[in-house]
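Dear colleague,

Please find below the structure that I am handing over to you. My notes on what was found in it follow directly after.

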Amino acid sequence: MSAILLANVNVWLDIIFVTLEILVVIVFFVVHVGVSIPTGRFRKLWIEKQWPKHDWAPPALPKFIHFQHLAMMLLLGLSGMYIRFPFFEGGREAMRYVHYVAMVIVGLNFFWRLWYAFFSKERDWKEFAVGKKDMASLLGVAAYYTYFSNNKPHVAKYNVMQKLAYDLFGVLMIVQGLTGMALLTQPFIFGTSPRELLIGWWLGPLVGGTAMAGAWVRIVHYSVNWLFIIVTTVHIYLAAGIDLPCTLDFFGIKKLDVDPNAYHHAHDDEHADAPSLSSAAAEVD
Amino acid sequence: MKRTSGIGLLAAALVVAVSLAVPAVASAATATTTATTMTTSVATRSVSPTAPYALDFTIPTESKSGCMVCHGDKNLTRLKAGATVSYFIDSESIEKSTHAKQFCVSCHLDFAYKAPHDKTGWQDTAKLACKNCHNDQFLAFGKSSHRRAIDATGTAATLEASKPLCGDCHGSHDIMRISESTEGVAPQGRQQLRDQGYEVCGRCHQDNWDSYNDYYHGAAYKAGAKDAPACWDCHGWHDIYPSTDTRSKVNAAHLVETCSTGDGCHEQHGTASDEFIEAAASMIHGKQQVRADNPLLVFLKRITDAIGGLFDTSS
C-alpha cells in the first residue's frame with residue numbers, strides 16, 4: 001500500500017506544483033497585467049511613471065542580506081531540482097556540494113537577519129508583526145490587488161499581505177532547514193545522524209522506520225521548495241510590477257527618490273485613490 | 001638543352017635509387033615475415049571492401065604482432081551483406097586493457113590459419129573464451145537465466161541464441177580490470193561498465209532500461225551520478241535470475257538485504273525497513289507507469305495533443 005502511495009504522491013506533487021506554477025505565472029503576468037490596462041493602473045505606473053512614493057529608503061544591510069539570500073536561494077533551488085531531476089550529465093556530486101554550501105550561507109544569513117530584526121540598533125521586527133489593525137485591513141488589501149477596489153488600506157510600512165508573505169518566508173525557511181537536515185544520514189553527531197535525531201525516534205515508528213520517515217520528509221522538503229518558488233514568483237511580480245524604483249534601489253541599480261513628507265497622515269488612514277498614488281503607500285511586495 | 005640533360009640526370013639518379021631501395025625493402029619484408037613465423041604474400045594482400053583477399057598462413061602464429069600486421073590496418077574492411085565491416089583492432093586499446101599480455105589466439109581459439117579465415121561461430125568462441133581463465137564466474141553464469149539451453153529447437157533455439165555470452169556484456173579487446181590489482185591499480189573496468197549500462201543490459205532489456213528512471217536511482221544513474229546504482233548493483237551479474245525467482249537479489253525475499261549491503265546505499269544504521277524498501281523499490285521501475293496512469297497528466301496530454309492537432313497540416 002505505502003509502496004503505491006509513495007510513488008503516487010511523488011508523481012502527483014511533480015504534476016500539481018508544475019501546473020500551479022504555470023497557473024501563477026499566467027494569472028499574474030498575463031491576467032493581472034491585462035486587467036491593469038483597462039483599470040488605468042498600468043498607464044499610471046509604466047507610462048506616467050507614478051510609482052509609489054517613499055519617505056524612507058531601504059538601509060544597506062537588509063539590502064545586502066536580501067541579495068545574498070536571493071543568490072543562495074537560487075542556488076539551492078537549482079541544485080535541489082537537479083538532485084531530483086538530473087537535467088545534465090555528471091553534476092550530482094557538484095550539485096550536492098553547492099546545495100550544502102548554499103544551505104550553510106542561507107542559514108547564517110537567516111540568523112543574521114533575525115539578529116538585525118530583534119537585536120540591532122534598527123531592530124525592525126515590528127515592521128513584520130501582524131496586529132489587529134493589519135488583520136482588519138486584510139480584505140481591503142486583497143480587494144485592491146484583485147481590482148475590486150481602488151482603495152488600498154495603509155496601516156504600516158508593509159501592508160498586511162506583505163507582512164504575511166514575509167513571515168511565511170521565515171516559517172518556510174525554518175521548515176526547509178529542519179527537513180533538509182533530516183535528510184542527512186551521515187552519523188556525524190556523536191555517532192548518530194541528523195535524520196535519527198530529528199525524525200527517526202518519533203516519526204519513524206509511525207510510518208514504518210527511519211528510512212520511510214526520511215522518504216516522507218523528503219516529500220515535505222520538495223513541497224516547501226515549490227512553495228518558495230511559487231511565493232517568490234508572486235513576490236517578483238509585485239515587487240517589479242508595483243514598485244520598480246524600490247526594487248532597483250534594493251539591488252543597487254538606481255537610487256530611490258525619498259520624500260520625507262510623502263506621508264503627512266497617520267498610518268491608520270485609508271488612501272482615497274491608491275492608483276493615483278498621490279498619497280500611495282510605500283508598498284514593496 | 002641544358003635543362004634536358006638536367007632532367008635526364010635526375011631521372012637516372014631516381015632509377016638508381018629505386019633499384020637500390022627495392023631489394024632492401026624486399027629483404028626487410030622477408031625478415032619481418034620470418035621473425036613472425038608467418039609467410040605473407042604482401043603483393044596479393046588487399047584491403048578492398050569488395051575484393052577477396054589471400055593470406056597464406058602456412059605456419060601458425062602465436063604472436064600478436066602477426067595478427068596486427070593486417071588487423072592493425074584501419075583500412076581492413078570487407079563488404080558483408082551490403083555493409084562495410086571493419087576488422088581493424090586498435091592496438092592501443094589492447095595495450096591499455098587488462099588482457100594486454102594475452103595472445104590473440106588465447107581467446108580466438110578457433111582461429112583459422114588460412115585466408116580468408118571465415119568460420120561460422122568464431123565470435124561465440126571468442127566471447128566464451130573467458131571461461132578458460134575465469135572459471136568461477138563462468139560457473140555462476142552457467143546457472144543464471146542467461147544460460148543457454150543446448151537442447152532447444154525451433155523458435156526456442158533462436159531465443160536461446162539471443163542470450164548473451166561473456167563478451168556481449170564485457171566487451172572484447174578493451175576490457176579493463178574490474179577487481180583491485182595486486183599493485184593497487186584502481187579498477188577502471190567498473191567505471192567502464194557503468195558508462196556502458198545501456199550496451200550491457202539496456203539494449204536487450206529495453207523496457208526495463210526505459211522504466212529505470214526514478215528520481216534518485218535510474219535518472220541519476222543515467223546522468224552519470226557515481227553513487228547511483230547500475231543495473232547489476234541491484235540485480236546481480238553472473239548469477240542473475242528473474243525477479244520472480246527466489247534466488248534473485250531483487251526478489252522480494254532479498255530486497256532488504258540487497259538494498260542494505262551496497263556501497264554506501266541504505267545500510268546506514270540499519271534504517272532500511274521492509275516497508276521502506278518495498279516502497280522505494282516499487283518506484284525504481286514503477287514511476288514511469290505511475291506517471292502514465294496519472295489522470296491529470298493524461299488529461300493535460302490530451303489537451304496538448306488536441307491543440308497540436310489543430311496545427312497539424314500533415315493529414
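In which helix does Val35(A) lie? Val35(A) lies in helix H1 of chain A, residues 2-36. Helices here are DSSP runs of H or I with at least four residues, strands are runs of E with at least two, and both are numbered from the N terminus.

Before the remaining findings, a word on conventions. This is a predicted model, in which local features need pLDDT of at least 70 and side-chain atom pairs count only at pLDDT 80 or more, while totals for chains, interfaces and linings use all residues. Residues are numbered from 1 along each chain as its sequence is written, and chains are lettered from A and ligands numbered from 1 in the order in which they are written.

Between the C-alpha atoms of Val35(A) and Ile219(A), which are 184 residues apart along the chain, the separation is 36 Å.

Chain A as a whole contains eleven helices and zero strands. Its C-alpha atoms fill a box of roughly 60 × 45 × 40 Å along the principal axes. Of the 285 residues in chain A, 26% are buried. Among contacts in chain A with a separation of 6 or more, 65% join residues 24 or more positions apart (a contact requires C-beta atoms, placed from the backbone, within 7 Å).

One helix pair in chain A deserves a description. The axes of H3(A), residues 60-84, and H4(A), residues 92-118, come within 8 Å and cross at roughly 150 degrees (axes are lines fitted to C-alpha atoms over the stretch in contact, and angles run from 0 to 180 degrees between N-to-C directions). H3(A) and H4(A) are therefore roughly antiparallel, a term that applies to angles over 145 degrees. The contact of H3(A) with H4(A) involves 17 nonpolar, six polar and three charged residues (Ala, Val, Leu, Ile, Met, Phe, Trp, Tyr, Cys and Pro count as nonpolar, Asp, Glu, Lys and Arg as charged, and the others, Gly among them, as polar).

Finally, the interface: 27 residues of chain B are in contact with 27 residues of chain A. On the chain B side, H15(B) supplies the largest share, seven residues. That side of chain B divides into 13 nonpolar, nine polar and five charged residues.

With kind regards

Key
A residue is buried if 20 or more other C-beta atoms lie within 10 Å of its own, exposed if 12 or fewer, and partly exposed in between; C-beta atoms are placed from the backbone. Two residues are in contact if their C-beta atoms, placed from the backbone, lie within 7 Å. Angles under 35 degrees count as roughly parallel, over 145 as roughly antiparallel, 65 to 115 as roughly perpendicular and the rest as oblique.
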